[in-house]
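Have a look at the sequence and the 3D structure below. We'll walk through a few of the features together, one at a time.

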Amino acid sequence: MKIIHAEVIVTCPGRNFVTLKVVTDQGVYGIGDATLNGRELAVASYLKDHVCPVLIGRDPRNIEDTWQYLYKGAYWRRGPVTMSAIAAVDMALWDIKGKMAGMPLYQLLGGASRERVMVYGHATGRDLPEALDKYAEHIDQGFQAIRIQCGVPGMQSVYGVTKGGGAYEPATKGWPQEESWSSEKYLDFIPRLFEAVRDRFGFETHLLHDVHHRLTPIEAARLGKALEPYRLFWMEDPTPAENQEAFRLIRQHTVTPIAVGEIFNSIWDCKQLIEEQLIDYIRTTVTHAGGITHMRRIADFASMYQVRTGAHGPSDLSPVCMGAALHFDLWVPNFGVQEYMGYPQAALDVFPHAWEFRQGSMHPGDAPGLGVDIDEKLAARYPYEPAYLPVARLEDGTLWNW
Ligand code: KDG
Ligand code: MG
């Protein structure tokens, strides 16, 4: 069996997505997601110019060997662009293997470890009453786990909160938007938000919050400690994770669980945080962390330290990644939760899928392979549109972590 064709499809049905399609000499094809928000064309070029040519003639059944070939063979290891490109190939090859076997991917991984996958949704409000209303809406939709983000009094814009109040989409067309940030205002307000949530809704639902890398270690420690009475499921990305020792300081002060990893792309990024048990949930994704093959390695390593998975699942990873993630989640023994932000209808139409959401949980479906396809004709109707993530500045203009 041989790969005879590989092509990259860039489409913008509401937002940009990069998809790799790998075609075999037996007529079976597989697809993979390679979307890297705000840097899409870099991965598209990496695939088109450097990876697709060397795939031709390879046996698509040798997934592990292809992974090693692309990782070690590039010489330049790791990094979000390389690892997203490898991930797309890996996903496409698992898709092909599943289709050849006539089995959904989760069966190839070892079968289902649970009936369905618990997902968390985003309740975001411009102010406290709106955030609480959104939380109530999520409860009505059956969510058992909800992330809450809220506008902070005195701050113009806050991560996770849209100006118009609709579904959150961080990337905007044109130049990067500039947002302003005050850790002081945020730290004063956030405990009040959580007190209000627990007062009104009790402790039945898992409660999550994303700090989005914005605090210093000691500030993060203070926040974790202040939030302890509200028993969070997790506090996400409390401080940037390049300096992993910083998490020791946070850990010394608080038992609020910590989730990190959405911007990690290899097991080496996770190593210290996991082996020193500085985090509780690892948030790497199939697309940004080298595909199913590498995610499996990260999850197995994490399981040795009782660290559970909590994969990133924003709308800027395509429905193809969502499918791969759900197969992975259904199998992975140390599963924690899966993020699910949802998609614009146009994106759902471009990517017909077997996965489904019902009452706060999801299932990948039982179609062979990933169970997600791409409607290429429809995709062609949505050409690429340049868009960037915002940048954040402190109130005095200093560039900060967005
Ligand atoms: O592209 C950036 C987004 O994926 C990110 O801001 C979303 O932090 C995020 C989350 O937890 O979903
Ligand atoms: Mg996040």
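A residue counts as buried when its relative accessible area is under 20%, as exposed when it is over 50%, and as partly exposed in between, using a 1.4 Å probe and protein chains only. Keep in mind that this is a predicted model, where local features need a pLDDT of at least 70, side-chain atom pairs count only at pLDDT 80 or more, and totals for chains, interfaces and linings use all residues. Side-chain values use heavy atoms, with hydrogens and water left out, residues are numbered from 1 along each chain as its sequence is written, and chains are lettered from A and ligands numbered from 1 in the order in which they are written.

**Cysteines**

Let's start with C12, which is buried at a relative accessible area of 3%. C270 is buried too, with a value of 0%. A disulfide is a pair of cysteine sulfur atoms within 2.5 Å. Searching the whole structure turns up zero disulfides. For C12, the nearest cysteine sulfur belongs to C321 and is 18 Å away. For C270, the closest cysteine sulfur is again in C321, at 15 Å, which is too far for a bond.

**The magnesium site**

Donors here are N, O and S atoms within 2.8 Å of the metal (3.2 Å for Na, K and Ca), and since water is not among the atoms, sites may look incomplete. The magnesium ion (ligand 2) is coordinated by D210 (OD), E236 (OE) and E262 (OE), at 1.9 to 2.2 Å. Along the sequence, these donor residues follow the spacing D-x25-E-x25-E. D210 sits in strand 8 (residues 206–210), while E262 is in the loop between strand 10 (258–260) and helix 9 (267–275), so the pair ties together parts that are 52 residues apart in sequence. Helices (H or I, at least four residues) and strands (E, at least two) are DSSP runs, numbered from the N terminus. D210 is buried, at 2% relative accessible area, and E262 is buried at 8%.

**Aromatic rings**

Rings of Phe, Tyr and Trp (its six-membered ring) pair if their centres lie within 6.5 Å; planes under 30 degrees apart count as stacked, over 60 as edge-to-face and the rest as tilted. That rule gives 17 aromatic pairs. In one of them, the rings of W67 and Y71 have centres 4.8 Å apart and planes at 20°, so this pair is stacked. Another, F328 with W331, is edge-to-face.

| Pair | Centre to centre | Angle between planes |
|---|---|---|
| W67 and Y71 | 4.8 Å | 20° |
| F328 and W331 | 5.5 Å | 70° |

W67 and Y71 are both in helix 2 (residues 63–73), four residues apart, or about one turn of the helix. Both W67 and Y71 are buried. F328 and W331 belong to helix 11 (residues 319–331) and are three residues apart, also about one turn. F328 and W331 are buried as well.

**A sheet with W181 in it**

Two strands pair if DSSP finds at least two bridges between them. Three strands make an open, mixed sheet in the order 7-17-18. Strand 7 (178–181) and strand 18 (399–400) are at the edges with a single partner strand each, so one side of each has no neighbour in the sheet. Strand 7 pairs with strand 17 (residues 391–394) in the parallel sense over four bridges. W181 has L394 as its bridge partner in strand 17.
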